[in-house]
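We will go from stop to stop, selecting a few residues each time.

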Amino acid sequence: MITVPAYINTIIDTPVIQYLLHERPIFLAFGLALMVIIGIFFLIKRLTRAKYFAYKADVIYDLPWRWNWKKNTICNLWCYCPKCHQALVYDDTNHNAISDLTKTDFICEHCDSQIMASIKGGNKQFVINLVQWEIRKKIQTGTYQSALLKT
Ligand SMILES: [Zn+2]
């Protein structure tokens, strides 16, 4: 004879469960079937998820970058201080009048406003696009997997 813990009996004795057990067993069966279907759905979703979705951090242009995936889109892409890991601030107003080159400086306010990287070629959005392009290139070539091992 199996002894059922007292709390199980307490749950079974509740009016709602008693009602479902005796009056509407079809609802219980339906509920269980629904839970199994939802479980299988999430299992398939997890198994078919692209492997590169685990790739969410890398060092690109000498800066640690982190991002999230929303379906196949890179989102919340930003860079962090290599020393203190705080989010960096940017300055892309620095136009060089002589060479007419635009650059974006990434500065850590936590580390005495030190410029952690200066990326030439364009403004902040240009750098974001450039880093996204690097991330996608690494995924296409499979080289992103070495970054997975580091994080
Ligand atoms: Zn810092």
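The tour below begins with the overall layout and then visits helices, sheets and loops in turn.

**Before you start**

This is a predicted model, in which local features need pLDDT of at least 70 and side-chain atom pairs count only at pLDDT 80 or more, while totals for chains, interfaces and linings use all residues. Residues are numbered from 1 along each chain, as its sequence is written.

**Stop 1: two domains**

Colour residues 6-48 as domain 1 and residues 52-150 as domain 2, the two parts into which the protein chain is divided. These bounds come from an automatic or database domain assignment. Taken over C-alpha atoms, the centres of domain 1 and domain 2 are separated by 48 Å.

**Stop 2**

Select proline 5, in the segment before α1 (6-12). Helices (H or I, at least four residues) and strands (E, at least two) are DSSP runs, numbered from the N terminus. Proline 5 is exposed, with 8 other C-beta atoms within 10 Å. For burial, C-beta atoms are placed from the backbone, and a residue is buried if 20 or more others lie within 10 Å of its own, exposed if 12 or fewer, and partly exposed in between. Draw a distance from proline 5 to lysine 137: the two are 132 residues apart along the chain, and their C-alpha atoms are separated by 58 Å.

Next, select residues 25-48, which make up helix α3. How many of the 24 residues of α3 are buried? The number is zero, so α3 lies largely in the open. Its end C-alpha atoms are 35 Å apart, which agrees with the 34 Å that 24 residues should span at 1.5 Å a residue. The expected span is 1.5 Å times one less than the number of residues. Within α3, pick valine 36, an exposed residue with 10 other C-beta atoms within 10 Å.

**Stop 3**

Now move to the open sheet of three strands, with the order β1-β2-β3 and antiparallel pairing. Two strands pair if DSSP finds at least two bridges between them. β1 (57-60) and β3 (73-79) stand at the edges, each with a single partner strand, so one side of each is left without a neighbour in the sheet. From one strand to the next, the twist averages 35 degrees. Axes here are lines fitted to C-alpha atoms, for helices over the stretch in contact, and angles run from 0 to 180 degrees between N-to-C directions.

Select β2 (residues 63-70), which pairs with β1 over four bridges. Isoleucine 60 stands opposite leucine 63 in β2. Then show lysine 71, in the loop between β2 and β3. Lysine 71 has a positive phi of about 55 degrees although it is not a glycine, and it is exposed, with 7 other C-beta atoms within 10 Å.

**Stop 4: helix α4**

Select residues 124-141: helix α4 packs on the sheet, touching β1, β2 and β3, and its direction makes about 120 degrees with that of β3. Contact between two residues requires C-beta atoms, placed from the backbone, within 7 Å. Show the side chains of Val127, Val131 and Ile135, which are buried. They cover an arc of only 80 degrees around the axis, which puts them on the same side of α4; the arc is that of the directions from the helix axis to the C-beta atoms. What covers the buried residues of α4 includes β1, β2, β3, β5 (103-108) and β6 (114-120). Turn to the face away from the buried side for exposed residues, among them Gln125, Trp133 and Lys137. Just after α4, glycine 142 takes a positive phi of about 85 degrees.

**Stop 5: the sheet β4-β5-β6**

Finish at the open sheet of three strands in the order β4-β5-β6, with antiparallel pairing. The edge strands are β4 (89-91) and β6, each pairing on one side only. β5 and β6 are joined by six bridges; isoleucine 107 has isoleucine 115 as its bridge partner, and cysteine 108 stands opposite glutamine 114.

Zoom in on the hairpin of β5 and β6, with five residues between the strands. In its turn, aspartate 112 has a positive phi of about 55 degrees. Serine 113, in the loop between β5 and β6, has a positive phi of about 55 degrees although it is not a glycine.
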